[in-house]
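Open the structure in your viewer and keep the selection tool ready. We will go stop by stop.

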Number of protein chains: 2
Amino acid sequence: MKELVFGHQNPDTDAIVAAKAYSYLQNKLGKDTEAVALGNPNEETKFVLAHFNEPAPRVISSAKAEVDAVMLVDHNEAQQSVSDLKDVTVTHVIDHHRIANFETAAPLYYHAEPVGCSSTIVYKEFESAGVEIPAKLAGLMLSAIISDTLLFKSPTTTKEDLKIGKQLAKIANVDYEKYGLEMLKAGTNLASKTEAELIEADAKSFDMAGKTVRVDQVNTVDLDDVFSREQAFRDAIENANEKNGYDLFLLMATNILDSNTRLLVVGEPQNVVEKAFNVKLVDNKIDLPGVVSRKKQVVPPLEEAFKK
Amino acid sequence: MKELVFGHQNPDTDAIVAAKAYSYLQNKLGKDTEAVALGNPNEETKFVLAHFNEPAPRVISSAKAEVDAVMLVDHNEAQQSVSDLKDVTVTHVIDHHRIANFETAAPLYYHAEPVGCSSTIVYKEFESAGVEIPAKLAGLMLSAIISDTLLFKSPTTTKEDLKIGKQLAKIANVDYEKYGLEMLKAGTNLASKTEAELIEADAKSFDMAGKTVRVDQVNTVDLDDVFSREQAFRDAIENANEKNGYDLFLLMATNILDSNTRLLVVGEPQNVVEKAFNVKLVDNKIDLPGVVSRKKQVVPPLEEAFKK
């Protein structure tokens, strides 16, 4: 019975690549799987796929019409997945996020580790299965690790991400420092997008103490470039909050060159954000030096602050 | 920072042994952990610990007063764990059950597989870490696998449980067929226990569609022996339902020699049980030939029937 393999909505490079890599592995192990995606590739991922001459995956939004069972990569929370996740059986999960809003009726295969990238865990799955990684796939997996760890600079980066990244660079025969910077810059082309597009492109929803919290991240090489459009961002976010029922929206503008984030906060409760980072908001903004990771540096303190 | 490692409430042999084994491994890897238990060993586990001359673990019911972080084995659902699970950080989970009512604020290490026993997965953790298993620990882990798979006869048994079980028998230098039957029989000594004790000894709670469903399993070599005490079991269950707010109580009496279960159902809704097994209840009872596994053969169909 065929199974679909996919990453989260608003896919980033890891969501798309980890699905391709894990599907390739499962097929080698005798399963019948297809890697798909819950959205179109972003600018960075387009650059990656073009660089390695790999087609973009087919886009779906629900699964039950096609299959009874699915494998999730790079996510587990239902609101980040296909719309009908509760109607299909999840047989495998490969992930590096917290576990929340995820429930199964039966035992399953679940391999999560607190590492920087799902593709790092997929690499370990290849290793323990004794399956070789082709050069092209290695290049794609390397790209996912570079993307998630911001070229091994994010605090989510572990020794394993670095070691496995270097391993993959060798297999793919890629100069990862040079390629990585090129790739990250390709993802920071903000001028070509509207504010409404940018606040959606890498956004994820979280349920915290009954509130719907939306966190989007925009990578840049110049924060002033982003905040010259601040009013338009505020308008777009207010619009999105109203339309989609988000209570609180955090826009992380992250400078990938010096690893700092400026946060723009729209919605309520604002004081929870102040509690989370122990800093007063000024004009709805906070500078967070050294913060680049939504998963490790923004969601957990926010989650904690909501509990208080 | 010290972490506690433990299995579920009403510990069975796997809950106690997997905690001991995983704690041993984590300590070898440089962590400071202690294996504890959420209850006293049952008759079978007492036999196992005595056989391998291993002390029973310290019993706890909450964790926060001692530690900030814990590792769970053989369970993940909060209602089966320490009473203050939400106040501590779960850093590792080794499990072979469905995932439900489990949520973390941060990424963690989670290794679950749909195999027969948590100790099978712990064995794989030893293997991938390259740490040797001492003979005594191998005997304990073998006992856990025999216990969970009813000597490799339960439908939850996988090729890996059998292969790893044989591996462990070799390390421990144990004749697993002979030892296994002795061990299982040691766990079926029902005469020495009251009905109130027996319906608690291996019971787990599940939240299904808002109802609290309690499922207990009693192993025996003679079903008539159990059902000669039927009225006393009914009284004890009604008492427990009222006292603890259980909506529905299923007592599985399982004959470990021929792998059949007779179910006694007390509480409501009874018709969901009939739907789950597609059989009419007669005098609150159903015979389920070939059914020995709560996790694989009772909880999933019940869960499905509640959704309809």
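**Before you start**

This is a predicted model: local features need pLDDT of at least 70, side-chain atom pairs count only at pLDDT 80 or more, and totals for chains, interfaces and linings use all residues. Residues are numbered from 1 along each chain as its sequence is written, chains are lettered from A and ligands numbered from 1 in the order in which they are written, and side-chain values use heavy atoms, without hydrogens and water.

**Stop 1: the sheet with strands from chains A and B**

Strands here are DSSP runs (E, at least two residues), and helices are too (H or I, at least four residues); both are numbered from the N terminus. Two strands pair if DSSP finds at least two bridges between them. Strands of a sheet pair through backbone hydrogen bonds, either parallel or antiparallel.

Select the strands in this order: β2(A)-β1(A)-β3(A)-β4(A)-β5(A)-β5(B)-β4(B)-β3(B)-β1(B)-β2(B). They make an open sheet of 10 strands with mixed pairing. Look at the edges: β2 (33-35) of chain A and β2 (33-35) of chain B each have a single partner strand, so one side of each is left without a neighbour in the sheet. Direction ignored, neighbouring strands are turned by 20 degrees against each other on average.

Now select residues 109-112 in both chains. These are β5 of chain A and β5 of chain B, paired in the antiparallel sense over three bridges. Which residue stands opposite A:Y110? B:A112, in β5(B).

Contact means heavy atoms within 4.5 Å. Axes are lines fitted to C-alpha atoms, for helices over the stretch in contact, and angles run from 0 to 180 degrees between N-to-C directions. Then show helix α3 (residues 118-129) of chain A, which touches β4 and β5 of chain A.

**Stop 2: the five-strand sheet of chain A**

Select β6-β7-β8-β9-β10 of chain A, an open sheet with mixed pairing. Its edges are β6 (203-208) and β10 (285-289); each has a single partner strand, so one side of each is left without a neighbour in the sheet. The twist averages 25 degrees from one strand to the next.

Pick β7 (residues 211-220) of chain A. Strand β7 pairs with β8(A) in the parallel sense over eight bridges. By contrast, β8(A) and β9(A) run antiparallel, joined by eight bridges. These two form a hairpin with four residues between them. In its turn, A:S259 has a positive phi of about 60 degrees.

Is β9(A) mostly covered or uncovered? Mostly covered: seven of its eight residues are buried. Buried means under 20% relative accessible area, exposed over 50%, and partly exposed in between (1.4 Å probe, protein chains only).

Finish this sheet with helix α11 (residues 294-307) of chain A, which lies across β6, β7 and β8 of chain A.

**Stop 3: two loop residues**

Select A:L257, in the loop between β8 (248-255) and β9 (260-267) of chain A. A:L257 is partly exposed, at 44% relative accessible area.

Now jump to B:S62, in the loop between α2 (43-51) and β3 (69-73) of chain B. Leaving aside neighbours within four places in sequence, B:S62 is in contact with B:V82, B:S83 and B:D84.
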